[in-house]
Amino acid sequence: MNIPFLDNWRKRQGGTREVALAAAVRTDPDGVAELFAECELLRARAGQCGLELDDSPGSLSALDQLPPIWRDDPEELPWVGNDAGLYLGTVLVRTVPGAVWDILAGGKPVVRLASGREIDVVAAGLDWAMSGSPELSEMYAESAESGPEAKTR
């Protein structure tokens with residue numbers, strides 16, 4: 001993941017990208033959450049199909065219904081999958097009490113639920129982009145059931 005402001009911080013701190021991202025999650029979790037929520041390519045593809053992503057669980061169901069035109073472009077497929085995973089994570093963090101972003105070794109962003117369970121949302125997004133399974137709404141429902149009652153938007 002290429003995040004320019006983290007590269008500058010990393011140079012000052014003498015660390016790796018992974019260390020910089022993990023530090024950013026600790027020091028500015030809201031800023032990192034906003035960065036992850038951008039999902040620019042996914043939002044653009046959804047918009048082309050008339051779908052506005054509003055960071056709600058219902059938008060995940062709507063995404064599941066989109067025709068997977070990104071599968072026709074092998075260069076775009078992993079980027080849409082990455083964005084889909086970050087979007088799933090965004091919806092989880094914004095609607096499931098106690099869900100937070102965390103960074104594992106190697107710089108992998110995950111969502112940590114209040115129960116301590118880690119959801120590898122990027123892997124889930126890539127699976128969804130490649131095959132449509134598991135559906136994003138299904139991953140959300142399973143994850144939301146793992147913790148306290150999900151709050152509504």
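1. Helix α7 and its end. Helix α7 is followed by G132, which has a positive phi, near 85 degrees. Helices here are DSSP runs of H or I with at least four residues, strands are runs of E with at least two, and both are numbered from the N terminus. The model is predicted: local features need pLDDT of at least 70, side-chain atom pairs count only at pLDDT 80 or more, and totals for chains, interfaces and linings use all residues. Residues are numbered from 1 along each chain as its sequence is written, and side-chain values use heavy atoms, with hydrogens and water left out.

2. The buried face of α7. Helix α7 spans residues 121–131, and V121, V122, A124, G125, W128 and A129 are buried in it. Buried means under 20% relative accessible area, exposed means over 50%, and partly exposed lies in between (1.4 Å probe, protein chains only). Seen down the axis of α7, these buried residues fall within an arc of 160 degrees, so they line one face of the helix. The arc is that of the directions from the helix axis to the C-beta atoms. As background, an α-helix has 3.6 residues a turn, so residues three or four places apart point the same way.

3. G125. This glycine sits in α7. G125 counts as buried because its relative accessibility is 0%. Leaving out residues up to four places away in sequence, G125 touches G81, A84 and G85. Contact means heavy atoms within 4.5 Å. G125 and V80 are 45 residues apart in sequence, and their C-alpha atoms are 8.0 Å apart in space.

4. Helix α4. In α4 (residues 40–48), L42, R45 and A46 are buried. Seen down the axis of α4, they fall within an arc of 100 degrees, so they line one face of the helix. The buried residues pack against α5, α6 (77–95) and α7. The face turned away from the buried side carries the exposed residues E40 and Q48. G50 follows α4, with a positive phi near 85 degrees.

5. Helices α5 and α8. Helix α5 (residues 57–64) packs with helix α8 (residues 136–145) at an angle of about 150 degrees, and their axes are 7 Å apart. Axes are lines fitted to C-alpha atoms, for helices over the stretch in contact, and angles run from 0 to 180 degrees between N-to-C directions. From α5, P57, L60, S61, L63 and D64 meet L136, S137 and Y140 in α8.

6. The sheet. Three strands form an open sheet in the order β1-β2-β3, with antiparallel pairing. β1 (100–103) and β3 (118–119) stand at the edges, each with a single partner strand, so one side of each has no neighbour in the sheet. Two strands pair if DSSP finds at least two bridges between them. β1 and β2 (residues 109–112) pair over four bridges. V100 stands opposite R112 in β2.

7. Cysteines. How many disulfides does the structure hold? It holds zero disulfides, a disulfide being a pair of cysteine sulfur atoms within 2.5 Å. C39 counts as buried because its relative accessibility is 4%. C49, at 38%, counts as partly exposed.

8. Overall layout. The protein has eight helices and three strands. Along the sequence the pattern is α-α-α-α-α-α-β-β-β-α-α. Of the 153 residues, 42% are buried. Among contacts between residues at least 6 apart in sequence, 58% join residues at least 24 apart.
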